[in-house]
Amino acid sequence: MGSRGVLFVFSGPSGVGKGTLKARLLSEFAGQIVDSVSATTRAPREGEQDGREYFFITRQEFMRRVENNEFLEHAEYSGNCYGTPQKNVERLLGEGIDVVLEIDVQGARQVRSRMPGCVSIFVLPPSFEELEHRLRERHTETEEKVLARLDAAKREIPCAGEYDYQIVNSDLDAAYAQLRGLYLKATGRA
Ligand code: 5GP
């Protein structure tokens with residue numbers, strides 16, 4: 001195997017469409033880039049499967065893994081804990097496979113300091129009102145949770161400048177074209 005894979009850090013407020021953008025990248029470049037499955041203490045949403053979207057674990061188990069240094073980064077977001085299992089990420093990068101971490105702002109800071117070669121991208125909504133509309137359209141959360149996520153977005157959006165790149169997702173195809181370009185450039189495939 002040749003060179004190491006590139007680590008991508010992908011953040012943005014809940015509902016901004018970063019999951020859709022990431023899924024498109026993973027599908028177009030299947031075999032070259034994979035996403036890391038995080039562990040979380042949040043309850044699964046309808047249709048989510050353990051080991052696919054997340055490893056759903058108890059808070060007690062999460063804390064055990066924190067103490068064992070099993071996470072590359074971890075953070076609390078909207079009352080739940082999320083963490084990136086370190087071993088798997090290291091293995092994939094070592095095999096020359098690119099890895100994308102879809103993580104929050106606090107986690108991204110930890111990754112940037114531990115893995116300075118990573119490429120960080122923040123996805124922004126065209127406006128706060130549009131983000132609110134998208135979050136409500138999703139119908140996956142209770143009103144209380146929607147409000148908590150909007151509150152989190154207000155704190156996250158001002159951090160966009162900490163990232164290497166910012167993508168405004170007004171039009172999905174245009175946003176994807178930008179992401180694709182960044183990916184090809186960062187991996188030397190352009
Ligand atoms: P959700 O509950 O909507 O799936 O995710 C909530 C937030 O947690 C999102 O901003 C998502 O990017 C972030 N997140 C998911 N997995 C991780 C992780 O492993 N570490 C960190 N720091 N954030 C994560």
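Start by selecting asparagine 68. At 44% relative accessibility, asparagine 68 counts as partly exposed, a label for values between buried (under 20% relative accessible area) and exposed (over 50%), with a 1.4 Å probe and protein chains only. Asparagine 68 is placed in the loop between α2 and β5. Helices (H or I, at least four residues) and strands (E, at least two) are DSSP runs, numbered from the N terminus. Glycine 5 and asparagine 68 are 63 residues apart along the chain, and their C-alpha atoms are separated by 26 Å.

A word on the model. This is a predicted model, where local features need pLDDT of at least 70, side-chain atom pairs count only at pLDDT 80 or more, and totals for chains, interfaces and linings use all residues. Residues are numbered from 1 along each chain as its sequence is written, and side-chain values use heavy atoms, with hydrogens and water left out.

Next, select asparagine 69. It is found in the loop between α2 (59-67) and β5. Asparagine 69 is exposed, at 63% relative accessibility. Check its backbone: phi is positive, about 55°, although asparagine 69 is not a glycine.

Move to aspartate 98, in strand β7 (residues 98-102). Is aspartate 98 buried or exposed? Aspartate 98 is buried, because its relative accessible area is 3%. Show its side chain. It reaches the backbone nitrogen of valine 6 at 2.7 Å. Then display arginine 189: a polar contact of 3.0 Å joins its side chain to that of aspartate 98. A polar contact is a pair of N or O atoms within 3.5 Å; within protein, one must be able to donate a hydrogen and the other to accept it, and residues adjacent in sequence count only if both atoms are side-chain atoms.

Last stop: the ligand. Ser38, Arg42, Tyr54, Tyr82 and Asp104 come nearest among the 16 residues around the ligand, where near means that a heavy atom of the residue lies within 4 Å. By class, this shell has 5 nonpolar, 4 polar and 7 charged residues.

Which side chain has an N or O atom 2.8 Å from an oxygen atom of the ligand? Select arginine 45 to see it. For threonine 84, the distance from a side-chain N or O atom to a ligand oxygen is 3.4 Å. At glutamate 102, look at the backbone: a polar atom there is 3.2 Å from an oxygen atom of the ligand. Finally, colour β5 (71-77) and β6 (80-85), the elements that give two or more residues to the shell around the ligand.

How values were computed:
Ala, Val, Leu, Ile, Met, Phe, Trp, Tyr, Cys and Pro count as nonpolar, Asp, Glu, Lys and Arg as charged, and the others, Gly among them, as polar.
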